[in-house]
Amino acid sequence: MKMWGRLVLCCAALLLSITSVCAIKKLNSVNDLKKVDFGRAVPKHSLLLLHWFANTIDIDNNDVIRLTFDPNLGTYGSHHYGNYERLLNPLPQGNIKYRYYTVGNLFQGRSDLPGYVLHPPNAEYRGRNRDRIIFRVREHNTGWQNDERIDEVYITQHYDNSNEGTRYDPSYTYQITTNLLQQIRAFSVEDNQGNSLMELREDFGSNIDDSRLSALKISWGELACLGLLLYIVLEEKYYQNNKPRPAEKRNRLPHCVVNLPGNSENHHDASHSWPERPVQNSIQLEVMTGTNGKAGISWQDVPYHRVNERVMVVLYKDNNAQEAMYSTVIGSESGHVNTSAFLNVGLQARLHKTKKKYCFWTVPSDEICRGNEFRNPGKVRIHGYDASLQLFVKDGKACARLFVNKSFGNWTSEFKKSWVGFYDNPNKPTQEYEWWQWQWATKFKPASTPLDYYHDVYEYHSSMAIAPGVQARFILKNDIVMAQASWM
Ligand SMILES: *[C@@H]1O[C@H](CO)[C@@H](O)[C@H](O)[C@H]1NC(C)=O
Ligand SMILES: *[C@@H]1O[C@H](CO)[C@@H](O)[C@H](O)[C@H]1NC(C)=O
Ligand SMILES: *[C@@H]1O[C@H](CO)[C@@H](O)[C@H](O)[C@H]1NC(C)=O
């Protein structure tokens, strides 16, 4: 019902020639969280923030969410959020008062937020203070009682790019349903007795085996339930994405956000007039892993009039590059192409208008918008050691990096019998690494460019093409796996 109401609202808005962007995705379950590009487009830290928030608010038996702190007092670094850039729905007018608040600024919240949010035990979860939670408070004064509740929750992040000032990035803003908040509360850190790790594994259909579960207990200690949630969302992404999930289809309809023309405070490009601007914001361009180690480009929500006037997706080496590596005219609002360029970190897709050269060649002209630079997945801790493993791509090939803490002086003796193997999918038994695709840890070569002040970094380049599902595993000895790094 609610969905249809929104849809009608959205269409009504269109008829009134108010532009609407159905851009904000809704996440309704832990399985939906797996679809978010955590570790690349979205910081993994936002999962910690969300876990903290879900366990800090109060949800009663009727699914009514109530505050346990006063956001007007700046507790946890919270403060009023004006929504001036129209990231979210304009607030309803009437007797019931609504207000948006944001929370999660690590600097402002440093005296209240728990240690695991401020200083995550595991470096890959440390935030750069970009991710936030926005919640909407609905305040209804019934005359005899002031009923205050949270009726909407979002995760969002500031743009990575300082040109955008302190705006939030609508492409990486997601609405979090009460159902998902309830699911996350099952992983509460204080409730270790209530939900054992084994029960959670059952309840959420995780494939984690007993030895990984014990490893989680050791490495996360009292935060083990949180560790399991992160494992399910980040490591089991691949299994779930390949399974058909008919039950989830219903949630596909995106939440609609209505953008009203008005004075935005952040005109970073005054040359575009309304209503074109918000539509452009919703174009999504992404460099992805194509076939045989080549880069693919995917695009979504390119407005029909753009497609009609002939536009091109163009591949660049990085955000600063001027010279195109590959370009092709697109014929649909959403789609993907396999390019001829090998996948590398930094690659970026941009959408360009086109022009004719010598009357017959179509070449790119003005840029319309650009996507994020392609990034490697984050590193994964080698259990029990002050070292991590990262899977990365170099010219389309799967490569591995070892980060060894500088204080781990005798690592070559500890890892004397250790090796890293490459696998074409996460279900392969450890002995079945790809033919010749392995190397002793001690034979890794020092990385040519220093990547990290605290670690010594060593690399090995395999000759195996990178593809979704490819894994590098760190094997301590025999077949004891201490880390697995996966390609999404
Ligand atoms: C890209 O390559 C894959 C594998 O060869 C193929 O399945 C897919 O259809 C190709 N995509 C396009 C748009 O050509
Ligand atoms: C490296 O090891 C030292 C000493 O054990 C520790 O204090 C430090 O936090 C470690 N650094 C990282 C980045 O893990
Ligand atoms: C490496 O050093 C640690 C701590 O100094 C020690 O516990 C460990 O036994 C050493 N390992 C080897 C193989 O010498």
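Is Asn-179 buried, exposed or partly exposed? Asn-179 is partly exposed, at 37% relative accessible area; the scale runs from buried (under 20% relative accessible area) through partly exposed to exposed (over 50%), with a 1.4 Å probe and protein chains only.

1. Ground rules. This is a predicted model in which local features need pLDDT of at least 70 and side-chain atom pairs count only at pLDDT 80 or more, while totals for chains, interfaces and linings use all residues. Residues are numbered from 1 along each chain as its sequence is written, chains are lettered from A and ligands numbered from 1 in the order in which they are written, and side-chain values use heavy atoms, with hydrogens and water left out.

2. Back to Asn-179. You'll find Asn-179 in helix H5 (residues 178-185). Helices here are DSSP runs of H or I with at least four residues, strands are runs of E with at least two, and both are numbered from the N terminus. Asn-179 and Leu-27 are 152 residues apart in sequence, yet their C-alpha atoms are 9.1 Å apart in space.

3. Two covered helices. Among the buried residues of H3 are His-45, His-51, Trp-52 and Phe-53. Helix H8 (residues 224-235) is mostly covered, with 11 of its 12 residues buried. The buried set in H8 includes Cys-225, Gly-227, Tyr-231 and Val-233.

4. Aromatic rings. Trp-52 and Phe-53 turn up again in an aromatic cluster, together with Phe-69, Tyr-76, Tyr-101 and Phe-135. The count comes to 23 aromatic pairs, where rings of Phe, Tyr and Trp (its six-membered ring) pair if their centres lie within 6.5 Å. Two arginines also sit over rings. Arg-401 lies over the face of Phe-392, at 3.7 Å from the ring centre, and Arg-473 does likewise over Tyr-423, at 3.8 Å. To count, NZ of Lys or CZ of Arg must be within 6 Å of the ring centre and within 35 degrees of the ring normal.

5. Asp-147 lies in strand E8 (residues 146-157) and is buried, with a relative accessible area of 10%. What does its side chain touch? The Asp-147 side chain makes polar contacts with the side chains of Arg-66 (2.8 Å) and Arg-149 (3.1 Å). A polar contact is a pair of N or O atoms within 3.5 Å; within protein, one must be able to donate a hydrogen and the other to accept it, and residues adjacent in sequence count only if both atoms are side-chain atoms. Arg-306, in helix H11 (residues 304-308), counts as buried at 5% relative accessibility.

6. Ligand 1. Thr-291, His-336 and Asn-338 surround ligand 1, going by heavy atoms within 4 Å. A polar side-chain atom of Asn-338 is 2.3 Å from an oxygen atom of ligand 1. On its own, ligand 1 has 360 Å² of accessible area, and the protein covers 38% of that; areas come from the Shrake-Rupley method with a 1.4 Å probe.

7. Ligand 2. Around ligand 2 you'll see Asp-386, Asn-405, Ser-407 and His-455, a shell with no nonpolar, three polar and one charged residue. Taken alone, ligand 2 exposes 360 Å², of which the protein buries 44%.

8. Ligand 3. Asn-410, Ser-413 and Glu-414 surround ligand 3. A polar side-chain atom of Asn-410 lies 2.4 Å from an oxygen atom of ligand 3, and a side-chain N or O atom of Glu-414 is 2.7 Å from a nitrogen atom of ligand 3. The protein buries 29% of the 370 Å² that ligand 3 exposes when taken alone.

9. Two loop residues to check. Arg-86, not a glycine, has a positive phi near 60 degrees. Arg-86 lies in the loop between strands E5 (79-81) and E6 (97-103) and is partly exposed at 29% relative accessibility. Asp-395 has a positive phi too, of about 45 degrees.

Key: Ala, Val, Leu, Ile, Met, Phe, Trp, Tyr, Cys and Pro count as nonpolar, Asp, Glu, Lys and Arg as charged, and the others, Gly among them, as polar. Rings of Phe, Tyr and Trp (its six-membered ring) pair if their centres lie within 6.5 Å; planes under 30 degrees apart count as stacked, over 60 as edge-to-face and the rest as tilted.
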